[in-house]
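Please look over the structure shown below, with its sequence. A report on selected parts follows.

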Amino acid sequence: MPSYNRVALVTGANKGIGFAITRDLCRKFPGDVVLTARDEARGRAAVQQLQAEGLSPRFHQLDIDNPQSICALRDFLRKEYGGLDVLVNNAGIGTWPKNKPPGKRDFFKEPQPGRVVNVSSLISLEALKNCSPELRQKFRSETITEEELVGLMNKFVEDAKEGVHEKEGWPNSAYAVSKIGVTVLSRIYARKLNEERRGDKILLNACCPGWVRTDMAGPKATKSPEEGAETPVYLALLTPDAEGPHGQFVQDKKVEQW
């Protein structure tokens with residue numbers, strides 16, 4: 001069996017939190033780091049910026065909503081590295097899980113104690129509290145399926161279009177509901193990993209980077225991108241013998257009760 005270098009990959013990494021995560025992994029991860037971005041020119045410019053700092057990231061284009069782009073990345077990772085060791089999803093999850101769920105054999109090396117980090121937001125936890133008791137019960141269920149979650153997300157979209165989402169028990173924020181989706185989907189995939197690849201010790205978590213000064217949050221946010229990268233990088237670099245956290249929502253390196 002050929003010997004491959006270890007590899008960590010960050011999505012949505014050409015700026016903001018994703019860029020800061022990539023920089024920190026370049027400094028700390030014992031292997032190659034691949035910076036991905038939807039826009040190739042911006043992604044390569046980000047790589048050049050890190051190279052100017054003495055770091056050595058690689059680049060690969062990735063559109064998480066394009067199955068062909070995902071398959072091209074998969075083929076690159078299999079050829080160059082035999083699969084992934086660490087995945088940090090900063091660009092959202094898009095159609096990535098529908099095409100190739102994190103933890104499937106053609107993305108992650110096996111057997112390897114891989115790490116998956118899905119960047120969510122504390123707003124998902126706050127929004128959950130503002131859901132109706134019925135919705136809260138569904139989103140906290142230990143048996144909710146991906147199909148059921150997709151159905152709930154689609155229901156929110158339809159309820160919002162009709163202007164009845166608050167009456168139906170939803171919070172009044174599409175962004176917040178989307179982050180509920182990221183966090184719950186992370187819990188679902190962690191459970192699948194327990195069922196399908198428990199022996200490989202892949203740890204998958206969602207996390208909140210905090211209120212970070214990005215294009216979206218603006219200059220008044222309390223954290224720098226570098227500070228926002230701390231928790232995602234902590235989860236990405238959990239030691240090979242770590243048994244957790246897994247399937248959790250993590251903020252400031254601490255597990256928050258979902």
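## Glutamine 251 and strand 7

Glutamine 251 is found in strand 7. This is a predicted model. The relative accessible area of glutamine 251 is 14%, and because buried means under 20%, glutamine 251 counts as buried. Setting aside neighbours within four places in sequence, glutamine 251 is in contact with Leu122, Cys208, Thr231 and Glu256.

## The loop between strands 7 and 8

Aspartate 252 lies in the loop between strand 7 and strand 8, and lysine 253 lies in the loop between strand 7 and strand 8 as well. Most residues other than glycine have a negative phi.

Aspartate 252 has a relative accessibility of 45% and so counts as partly exposed. Lysine 253 is likewise partly exposed, with a relative accessible area of 45%.

Glycine 244 and proline 245 are joined by a cis peptide bond, with omega about 5 degrees. Most peptide bonds are trans. Proline 245 lies in the loop between helix 10 (230-236) and strand 7.

## Helix 5 and its cover

Helix 5 spans residues 122-129, and Ser124, Leu125, Ala127 and Leu128 in this helix are buried. Why do the buried residues of helix 5 line one face of the helix? Seen down the axis of helix 5, they fall within an arc of 165 degrees, so they line one face. An α-helix has 3.6 residues a turn, so residues three or four places apart point the same way.

## Asparagine 118 in strand 5

Asparagine 118 lies in strand 5, which covers residues 115-119. Its relative accessibility is 2%, so asparagine 118 counts as buried. With neighbours within four places in sequence left aside, the contacts of asparagine 118 are Asn89, Ile93, Val182, Ser186, Leu204, Asn205, Ala206 and Cys207.

## Helix 7 against helix 8

Helix 7 (residues 146-161) and helix 8 pack with their axes 10 Å apart, at an angle of about 175 degrees. Because angles over 145 degrees count as roughly antiparallel, helix 7 is described as roughly antiparallel to helix 8.

On the helix 7 side, the contact is made by Glu146, Leu149, Met153 and Phe156. Helix 8 contributes Ala174, Val177, Gly181, Val184, Leu185, Ile188, Tyr189 and Lys192. Sorted by class, the residues in this contact of helix 7 with helix 8 are 9 nonpolar, 1 polar and 2 charged.

## Helix 1 against helix 2

Helix 1 (residues 16-28) and helix 2 (residues 40-52) have axes that come within 11 Å and cross at roughly 40 degrees. That angle makes helix 1 oblique to helix 2. The crossing of helix 1 and helix 2 is right-handed.

Which residues of helix 1 and helix 2 meet? Phe19, Thr22 and Arg23 in helix 1 meet Ala46, Gln49 and Leu50 in helix 2. By class, this contact of helix 1 with helix 2 has 3 nonpolar, 2 polar and 1 charged residues.

Lysine 15 is found in the loop between strand 1 (7-10) and helix 1. At 48% relative accessibility, lysine 15 counts as partly exposed. Lysine 15 and alanine 46 are 31 residues apart in sequence, and their C-alpha atoms are 7.2 Å apart in space.

## Histidine 60 in strand 3

Histidine 60 lies in strand 3 (residues 58-61). Is histidine 60 buried or exposed? With a relative accessibility of 16%, histidine 60 counts as buried.

Not counting residues up to four places away in sequence, histidine 60 touches Val34, Leu35, Thr36, Ala37, Ala72, Leu73 and Phe76. Histidine 60 and glycine 43 are 17 residues apart along the chain, and their C-alpha atoms are separated by 8.0 Å.

Terms used: Residues numbered from 1 in each chain as written. Predicted model: local features only at pLDDT ≥ 70, side-chain atom pairs only at ≥ 80, totals over all residues. Heavy atoms only, no water. Helix = DSSP H or I, 4+ residues; strand = E, 2+ residues; numbered from the N terminus. Buried < 20%, exposed > 50% of the residue type's maximum accessible area, 1.4 Å probe, protein only. Contact = heavy atoms within 4.5 Å. Arc of directions from axis to C-beta. Axes fitted to C-alpha atoms, helices over the stretch in contact; angles between N-to-C directions. Parallel < 35°, antiparallel > 145°, perpendicular 65-115°, else oblique. Left-handed = near helix turned anticlockwise from the far one by under 90°. Nonpolar A, V, L, I, M, F, W, Y, C, P; charged D, E, K, R; others polar.
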